[in-house]
Amino acid sequence: MGEKDDPFEGMPTFSMGAGPPLVVLPGLTPRHEVPRGPAFLAETRQLGPLARHRTVWWVNRRPGLEPTAGMAEIAADYAACLPRLGAPVDVLGISTGGTVALQLAADHPTLVRRLVLVASGCRLGPAGKAGQRALLARIEAGDLRGAGAELARLAGVRPAARSLEGLAGWLAGPWMYRGPTADVAAVLRAEDAFDMTDRLAAIGVPTLVIGGDEDTPYGPEVFRETARGLPRGQLIMYYGRGHVGVSLTPGFTKDVLSFLDAP
């Protein structure tokens, strides 16, 4: 694990493993930085099985985003760096990172070899749009406990546990959202306006969509719509899984590698 010769200078990055590069765009984070402590351990545990076969580059959004930055501007930051890895490269986007990755594939198709969207799609579903707007309102009001609760409810592993997850988020909110929140607010605004539905047919990059049938932010219908709309789209649906639970599903790593390594 290390920074190797960091091709993503100016963007929070860490790398692990060996093999062909796999660029991972994470989900929504409270700050645009490399996670620390338990959050870092959670990320590396999730990516560890992939890192046995690939050099995994975890790359967060650039700090200091303009408040009005759109998804195209956010994706352009990645596009400027990918040639340093010898693009085209494989890209895996998780949740909000998946919407950035889809924008990247649409705007810069020669840079992406294969694309995996994990618990993500061409737009937010109704519950996800409402939830993220509520999260943004809490952040802008300085209600950090409320922001933590909103995020936990959105990203819940299972709907049945959402009340408990909301309570955990309420308790953790002041720690999660301590310090400047302008970057996460900018990303929330960008994803609120994001809708790639009408451009899917023009995205020729082979794409695998992996989602859970109990996902809240996007939902199974958006996953199906995304995969159907892509000329080279595939869908794997995990049943009984919510938003965070997708990447924790047994067989997830095998499904991802089978797609990436296909002839």
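Modeller: In this predicted model, Phe14, Phe40 and Trp58 form one aromatic cluster.

Colleague: How is a pair of aromatic rings described?

Modeller: A pair of aromatic rings is described by the distance of the centres and the angle of the planes. Over the whole structure, a search finds 4 aromatic pairs. In one of them, the ring centres of Phe8 and Trp57 are 6.0 Å apart and the planes meet at 55°, so this pair is tilted.

Colleague: Which parts of the chain does the pair of Phe8 and Trp57 tie together?

Modeller: Phe8 belongs to the segment before strand E1 (13-17), while Trp57 is in strand E3 (residues 55-59), so the pair ties together parts that are 49 residues apart in sequence. Phe8 and Trp57 are both buried.

Colleague: What is the geometry of the pair formed by Phe14 and Phe40?

Modeller: The aromatic pair of Phe14 and Phe40 is edge-to-face, with 5.0 Å from centre to centre and 65° between the planes. Phe14 lies in strand E1 and Phe40 in helix H1 (residues 37-51), so that distant parts of the chain, 26 residues apart, are linked. The relative accessibility of Phe14 is 5%, under the 20% cut-off, and therefore Phe14 counts as buried.

Colleague: Where does the charged end of Arg114 sit?

Modeller: The charged end of Arg114 sits over the ring of Phe259, at 5.1 Å from the ring centre.

Colleague: Is Ser95 buried or exposed?

Modeller: Ser95 counts as buried because its relative accessibility is 11%. Its place is in the loop between strand E4 (89-94) and helix H3 (96-107). Leaving aside residues up to four places away in sequence, Ser95 touches Gly27, Val118, Ala119, Ser120, Tyr218 and His243.

Colleague: Which residues of helix H2 (residues 71-81) are buried, and what covers them?

Modeller: The buried residues of helix H2 are Met71, Ile74, Ala75, Asp77, Tyr78, Ala79 and Cys81. Their cover includes strand E2 (21-25), E3, H3 and helix H7 (182-193).

Colleague: How many disulfides are counted?

Modeller: A disulfide is a covalent bond between the sulfur atoms of two cysteines. Here the count comes to 0 disulfides, the cut-off being sulfur atoms within 2.5 Å. As to burial, Cys81 has 5% relative accessibility and so counts as buried. Cys122, at 0% relative accessibility, therefore counts as buried.

Conventions. Residues numbered from 1 in each chain as written. Predicted model: local features only at pLDDT ≥ 70, side-chain atom pairs only at ≥ 80, totals over all residues. Heavy atoms only, no water. Phe/Tyr/Trp six-rings, centres within 6.5 Å; stacked < 30°, edge-to-face > 60°. Helix = DSSP H or I, 4+ residues; strand = E, 2+ residues; numbered from the N terminus. Buried < 20%, exposed > 50% of the residue type's maximum accessible area, 1.4 Å probe, protein only. Lys NZ or Arg CZ within 6 Å of the ring centre and 35° of its normal. Contact = heavy atoms within 4.5 Å.
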